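Have a look at it first, and then we'll go through some of its parts together.

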Amino acid sequence: MIEIMFRERFTMRSDRKKEAQNQKKAGIYRIISIIYAILAIIFTVTMLWLNILPEKILYPALAVLVIISLFIVPVMYSPRGKKGRKKGAAVFAVILIIIFGMGTYYAGSTLGFFNSITSVLAEKEDFYLVVKADSSYEEADDVAGMTIATAAAADKTYTEARNKLKEEIKIEYSYVENASDMITGLLNGEYPAAFISAASYETITEESDAAKEGTKVIYTISIAKENSRKAKNVNVTSEPFNVLVSGLDTTGDINTVSRSDVNMIVTVNPKTHKILLTSIPRDSYVELASKGAKDKLTHSGLYGIEETVSTVENFMGIEINYYVKVNYSTITKLVDAIGGIDIDSPYGFTTHGMADQYTFVQGHNHLDGSMALAYSRERKSWPDGDLRRNENQQIIIEAILKKASSSSTILTDYTSILKSIEGNLATDMSSSSIKKLIKMQLKDMPAWTIEKQAIKGDSSSQMCYSLGTYASVVFCSETAVAEAADKITEVKGETGE
């Protein structure tokens with residue numbers, strides 16, 4: 001009797017223990033099902049919001065997801081489901097939860113990237129307080145109460161900078177007609193200091209060793225420069241458009257105003273899947289759109305991207321729909337992010353005047369980021385340096401486009417590519433237009449044809465507005481410009497029929 005009672009109690013305890021374990025497992029299954037359902041909804045909403053997948057991929061994928069969810073969630077959540085089915089559903093759910101998490105992360109990163117590069121922020125222009133290199137002045141307060149030189153530029157940003165410095169250190173200005181005379185006067189001891197835009201100062205010191213070695217910067221003022229340009233929007237999946245790629249000769253903040261070292265028009269025809277790259281010499285002698293004065297094209301960047309776009313439009317007689325700003329950091333980081341690029345160099349050469357010296361051979365070369373930048377910047381190896389550099393830049397851009405657009409590169413280096421570009425690229429093309437282009441590419445996977453042309457000219461020496469003195473420029477003949485513009489119009493007008 002006692003033995004029977006003992007067995008019954010043991011059985012009851014065992015049953016209660018099993019019941020508790022079953023309830024615990026049921027609770028875990030329910031938690032997994034809830035987590036799965038939440039992440040599935042978040043993933044679905046994020047993908048719909050991202051809106052880059054074509055309908056032929058998105059809708060079937062969502063339909064499969066719904067069917068799978070109708071199996072997984074009820075089986076795991078129901079208290080009466082079979083153990084084998086619950087376990088199988090749980091394993092499947094955990095796998096999908098990981099996929100949903102990764103997919104949501106990638107989609108979120110993409111959305112953040114689009115918002116970052118398409119947010120048209122105010123450009124930043126720096127101004128320097130400059131003194132002689134052997135001067136005892138080390139900070140702004142050292143010249144307080146003095147009369148210093150500044151450029152007689154009737155420019156809103158310059159005016160704001162001059163007033164800001166005057167408020168900070170209580171100085172007076174002696175206005176000088178051009179920047180070069182101001183630096184010359186400083187070196188000759190005519191002024192204790194000079195207040196000059198950073199871009200103009202760096203341009204002058206690049207042209208003059210005396211200015212570079214004989215002066216130093218002791219204070220910087222930054223002024224926001226608003227961009228009032230409006231993009232000339234088109235339906236990018238069905239209408240041809242022109243993009244001006246402006247490569248600034250700086251690193252770091254993409255919104256810093258600087259010289260436009262690369263000026264390339266990218267003509268895209270989505271009907272024929274053709275891209276035309278048109279390079280314009282950086283030293284082209286052009287009329288600055290807002291100044292009505294002649295200068296090098298590169299100096300248009302000193303007045304912001306809006307000035308460069310308008311100047312190129314007037315010079316070429318074409319419409320620029322969008323711009324893309326890049327700088328040195330963009331090239332080095334992007335090329336490294338995609339694992340380097342391969343180029344077929346038409347000649348061998350060694351770079352000059354750079355921190356790192358590289359030698360490139362005729363034929364095949366594999367380049368990392370710093371090598372790609374050096375290859376695209378070199379111009380001292382040839383008599384027609386600036387014109388040859390344009391061709392080199394096209395070689396680098398073509399290699400980047402081919403490598404970055406390959407499916408294996410996009411899939412394996414996706415986040416690295418986004419992180420390398422974010423903060424180092426800016427465009428006025430809307431995120432919706434960029435998404436449309438991506439969706440079109442994923443839907444049809446077309447092979448793009450890339451053609452190249454470069455405007456050429458003859459070197460000369462002419463008065464440049466930004467310098468107030470003579471400098472080496474490139475005269476592009478009207479015939480060369482007209483032929484290039486006609487080719488752009490031709491590519492845009494092709495229908496592929």
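Asparagine 51 is partly exposed, since its relative accessible area is 37%. Before we go on, keep in mind that this is a predicted model. You'll find asparagine 51 in the loop between helix H1 (2-50) and H2. Its backbone does something worth a look: phi of asparagine 51 is near 55 degrees, which is a positive value in a residue other than glycine.

## H2 against H3

Now follow the chain into H2. What is the angle between helix H2 (residues 55-77) and helix H3 (residues 83-118) where they pack? It is about 130 degrees, and the two axes are 9 Å apart. As for handedness, H2 passes H3 in a left-handed crossing.

Who is touching whom? On the H2 side there are Leu65, Ile68, Phe71, Ile72, Val75 and Met76, and they meet Arg85, Lys86, Ala89, Ala90, Phe92, Ala93, Leu96 and Phe100 in H3. Sort the residues of this contact by class and you get 12 nonpolar, no polar and 2 charged.

One of the H2 residues in that contact is Phe71. Is phenylalanine 71 buried, partly exposed or exposed? At 43% relative accessibility, it counts as partly exposed. Phenylalanine 71 and isoleucine 438 are 367 residues apart along the chain, and their C-alpha atoms are separated by 33 Å.

## H5 against H6

Here's another helix pair to compare for yourself. Helix H5 (residues 179-187) and helix H6 (residues 198-207) pack at an angle of about 70 degrees, and their axes are 10 Å apart. H5 and H6 are therefore roughly perpendicular to each other. Their crossing is right-handed.

In this contact, Ala179, Ser180 and Ile183 from H5 meet Ser200, Tyr201 and Ile204 from H6. By class, that's 4 nonpolar, 2 polar and no charged residues.

Isoleucine 280 sits in the loop between strand E8 (274-279) and strand E9 (285-287). Is isoleucine 280 buried or exposed? With a relative accessibility of 1%, it counts as buried. Leaving out neighbours within four places in sequence, isoleucine 280 is in contact with Asn263, Ile265, Leu297, Val312, Phe315, Met316, Asn390 and Ile455. Compare that with valine 73: the C-alpha atoms of valine 73 and isoleucine 280 are separated by 60 Å, and the two residues are 207 residues apart along the chain.

Serine 329 belongs to helix H9 (residues 328-337). It is buried as well, at a relative accessible area of 11%. Which residues does serine 329 touch, not counting those up to four places away in sequence? They are Thr250, Thr251, Gly252 and Asn424. From serine 329 to serine 78 it is 55 Å in space, C-alpha to C-alpha, and 251 residues in sequence.

## An enclosed helix: H10

Helix H10 (residues 369-377) has 9 residues, and 7 of them are buried, so the helix is largely enclosed by the rest of the structure. The buried residues in H10 are Gly369, Met371, Ala372, Leu373, Ala374, Tyr375 and Ser376.

How many disulfides does the structure hold? The count is 0. Take cysteine 464: the nearest cysteine sulfur is that of cysteine 476, 13 Å away, and cysteine 464 is in no disulfide.

How values were computed:
Residues are numbered from 1 along each chain as its sequence is written. This is a predicted model: local features need pLDDT of at least 70, side-chain atom pairs count only at pLDDT 80 or more; totals for chains, interfaces and linings use all residues. Side-chain values use heavy atoms; hydrogens and water are left out. Axes are lines fitted to C-alpha atoms, for helices over the stretch in contact, and angles run from 0 to 180 degrees between N-to-C directions. Helices (H or I, at least four residues) and strands (E, at least two) are DSSP runs, numbered from the N terminus. A crossing is left-handed if the near helix is turned anticlockwise from the far one by less than a right angle, and right-handed if clockwise. Contact means heavy atoms within 4.5 Å. Ala, Val, Leu, Ile, Met, Phe, Trp, Tyr, Cys and Pro count as nonpolar, Asp, Glu, Lys and Arg as charged, and the others, Gly among them, as polar. A disulfide is a pair of cysteine sulfur atoms within 2.5 Å. Buried means under 20% relative accessible area, exposed over 50%, partly exposed in between (1.4 Å probe, protein chains only). Angles under 35 degrees count as roughly parallel, over 145 as roughly antiparallel, 65 to 115 as roughly perpendicular and the rest as oblique.
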